[in-house]
Amino acid sequence: MPELPEVETTRRGIAPHLVGYRIEKVVARVPALRWPIPPALPRLLRGREILAVTRRAKYLLVESEPGALLLHLGMSGSLRVLPRDTPLRPHDHVDFQLDSGRLLRFNDPRRFGCVLWQPVGQVHELLADLGPEPLAPGFDGDHLWRVSRGRSAPVKHFLMDQRIVVGVGNIYAAEALFSAGVHPAREAGRVSRGRYERLAIEVRRILEHSITRGGTTLREFTGADGAPGYFEHELNVYDRKGLPCKVCGTRIRAADWGQRQTCYCPRCQR
Ligand SMILES: [Zn+2]
């Protein structure tokens, strides 16, 4: 599943080919992905200049005067900018034809992605209750410490809760907790302010590093330029069950809390 760094990498990849150009035509070959594609989209976007391409959590917003096209890659979606005469491949569901002679093409084999509309001045309900961006100034150890008081949920679940902070997926949560030395099952309300400061720094560092490397290891991810995503060789705990900890040599453990597997070092993380 594309994670925040992949989405940000996609944004940076496609934005220069979109901003300042006009959308001439929208071609939707399916009526719905995860949700129905608004039938008014072709009319709303026709002739509109793209003013900016921004990101909120894992949503991309292609902004124009009447509103923003809201895109989510779901489990298997990808966006590419291509010459307009590029032959269709399976699962090429939506095209946005530009006056540059290119098009933005949304491909999504599993159709868990979305193509929606957010009128100008409104916040789409999918974006309404989201916590701060992990790379923006509103996110720090103080924020985590304040909103965690009285919470008994494991700190890893807490960190992956989109209302607390957006875009910290399983890989990044596991790695940040390891780097900060925090045991993933510790109650969120019982982690000290100092350790949250360290954790916030690690979350940022790991996400930023991953963005500069083009995203982590997603087998299904295809970069905006069509090249395969990077494979991340620097993971410390994620997917390393039974292997020796790179710091202390103890075998990495895996536990299933909730539906996701969590890998951690029982010695380095307390
Ligand atoms: Zn260790």
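Helices here are DSSP runs of H or I with at least four residues, strands are runs of E with at least two, and both are numbered from the N terminus. F158 is buried at 2% relative accessible area, and Y196 is buried too, at 0%; the cut-offs are under 20% for buried, over 50% for exposed and partly exposed in between, using a 1.4 Å probe and protein chains only.

A word on the ground rules: residues are numbered from 1 along each chain as its sequence is written, and side-chain values use heavy atoms, with hydrogens and water left out. As the model is a prediction, local features need pLDDT of at least 70 and side-chain atom pairs count only at pLDDT 80 or more, while totals for chains, interfaces and linings use all residues.

Another ring contact involves a charge: R193 lies over the face of W145, at 4.0 Å from the ring centre. The test asks for NZ of Lys or CZ of Arg within 6 Å of the ring centre and within 35 degrees of the ring normal.

Next, the metal. The zinc ion takes its protein donors from the SG atoms of C245, C248, C265 and C268, at 2.2 to 2.4 Å; donors are N, O and S atoms within 2.8 Å of the metal (3.2 Å for Na, K and Ca), and water is not among the atoms, so sites may look incomplete. Along the chain the donors are spaced as C-x2-C-x16-C-x2-C. Within that set, C248 and C265 link distant parts of the chain, 17 residues apart, with C248 in the loop between α7 and β9 (253-257) and C265 in the segment after β10 (260-264). C248 is partly exposed at 27% relative accessibility, whereas C265 is buried at 0%. Angles among the four donor atoms run from 99 to 113 degrees, and the zinc site is tetrahedral, a label given to four donors if all angles lie between 85 and 135 degrees. For four tetrahedral donors, the ideal angle is 109.5 degrees.

Helix α1 has 15 residues and spans 20 Å from its first C-alpha to its last, close to the expected 21 Å, the expectation being 1.5 Å times one less than the number of residues. Its buried residues include L4, V7, I14 and L18. E6 sits in this helix (residues 4-18) and is buried, at 0% relative accessible area. A polar atom of the E6 side chain lies 2.9 Å from the backbone nitrogen of E3; polar contacts are N or O pairs within 3.5 Å, and within protein one atom must be able to donate a hydrogen and the other to accept it, with sequence-adjacent residues counted only if both atoms are side-chain atoms. After α1 comes G20, with a positive phi near 95 degrees.

Over in helix α4 (residues 141-148), H143 is buried at 9% relative accessibility. A polar atom of its side chain lies 2.7 Å from the backbone oxygen of I164.

Note on methods: Tetrahedral: all angles 85-135°; square planar, octahedral: opposite > 155°, others 65-115°.
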